[in-house]
Amino acid sequence: MTVSLKTLLDRSERNMGSGINVVVKDKALELIKRAYDEGIYVQISDGFRSHKEQNALYAKGRSTGGNIVTNARGGQSYHNFGLAVDYFLVSNDGKKAIWDVNKDWRRVAEIGKSLGFEWGGDWSSFKDYPHLQMTGGLSLAQLRAGKKPNLGGKSSAPSKGKVGANLSVDGYWGSKTTRALQDALGTVEDGYISDQVHNQATDAITSGIKFGDGNDGSIVVHALQRKIGSKADGLLGPNTIGALQKYLGTVYDKKLSRPSLVVKELQRRLNKGNL
Ligand SMILES: [Zn+2]
């Protein structure tokens, strides 16, 4: 069954976060609608990012493992001022993320530009294909100094925050934890990776083999990886577990024990609604 427009809009709105500029949010939702009319299914993975989240992303490939994913520290990205969003394509059924910069991906960028966004794929030095931003003519220095962009609307006030999950903090990653994670990240809420997580993660740890639900990996794992700044392959292997441990500040051993400290912290954060 084809994914509904409402599903794409709902997931995207959640992923943009409460700190997103209201004009940027409306334009991003308009982008999704226009693409949908052309048979292109697109979702927003990320919008507002706190300075702390940005610093965690900056550490990736520097003080923490993996590849460098950004050159921006906290305050050096338009995401930090709610003025940027990142997008990705999803399969017709809405269950798989597609990260190929193909014809449809470029078409979405064109639509974005027609709505007033700048596209990171046009940058010459560091191409950032998922990235769309509106600067309102302001530099980052001006934004850091407290200037407010005029995008033709009022900027949104931060909301009170999401209602958290009600998980037992037991350190066991089951379907409830997966569902809460999916809810927090705005992906399909089916509790899907639940049955596989323990066995496959354990296998991954012992054998070093990566796993996922096919070549594209799991959409919730993708979303989590983008959140924590780990390589977005949708596969929950030792590197992703390690990145999650760094992100949550628990013991770094790239292992998922049963029970697990990193899963406990994940459950605590999901309960507080501040992953
Ligand atoms: Zn971006």
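Residues are numbered from 1 along each chain as its sequence is written, and side-chain values use heavy atoms, with hydrogens and water left out.

**The whole chain**

The secondary structure of the protein comes to ten helices and five strands; helices (H or I, at least four residues) and strands (E, at least two) are DSSP runs, numbered from the N terminus. Of the 275 residues, 47% count as buried, where buried means under 20% relative accessible area, exposed over 50%, and partly exposed in between, with a 1.4 Å probe and protein chains only. Among contacts with a separation of 6 or more, 60% are accounted for by residues 24 or more positions apart, a contact being heavy atoms within 4.5 Å.

The mean pLDDT is 82, and 82% of the residues reach 70 or more; pLDDT is the predictor's confidence in each residue, from 0 to 100. Over residues 154-162 the pLDDT is below 50, although this stretch has 14 contacts in the model beyond near neighbours in sequence. Residues 202-216 also have pLDDT under 50, and for them the model has 33 contacts beyond four places in sequence. Where pLDDT is low, the predicted coordinates should not be read in detail.

**The zinc site and strand β1**

The zinc ion is coordinated by His79 (NE2), Asp86 (OD) and His131 (ND1), at 2.0 to 2.1 Å; donors are N, O and S atoms within 2.8 Å of the metal (3.2 Å for Na, K and Ca), and sites may look incomplete because water is not among the atoms. Asp86 lies in strand β2 (residues 84-90) and His131 in strand β5 (residues 131-133), so this pair ties together parts that are 45 residues apart in sequence.

Strand β1 (residues 42-46) is mostly covered, with five of its five residues buried. It pairs with β2 in the antiparallel sense over four bridges, where two strands pair if DSSP finds at least two bridges between them. In β1, Asp46 stands opposite Asp86 of β2.

| Residue | Relative accessible area |
|---|---|
| Ser12 | 0% |
| Asp86 | 2% |
| His131 | 3% |
| Ala223 | 17% |

Ser12 has its place in helix α1 (residues 5-16). A polar atom of its side chain lies 2.7 Å from the backbone oxygen of Leu8, and the side chain of Ser12 also reaches the backbone nitrogen of Ile44 at 3.0 Å. Leaving aside neighbours within four places in sequence, Ser12 is in contact with Ile32, Gln43 and Ile44.

Ala223 lies in helix α8 (residues 219-228), and its C-alpha atom is separated by 6.4 Å from that of Leu185, 38 residues apart along the chain.

**Helix α10**

Helix α10 (residues 261-272) has twelve residues, which at 1.5 Å a residue should span 16 Å, and its end C-alpha atoms are 17 Å apart, which agrees; the expected span is 1.5 Å times one less than the number of residues. At the start of α10, a side-chain oxygen of Ser260 reaches to within 3.2 Å of the backbone nitrogen of Val262. The buried residues of α10 are Val262, Val263, Glu265, Leu266, Gln267, Arg269 and Leu270.

Conventions. This is a predicted model: local features need pLDDT of at least 70, side-chain atom pairs count only at pLDDT 80 or more; totals for chains, interfaces and linings use all residues. A polar contact is a pair of N or O atoms within 3.5 Å; within protein, one must be able to donate a hydrogen and the other to accept it, and residues adjacent in sequence count only if both atoms are side-chain atoms.
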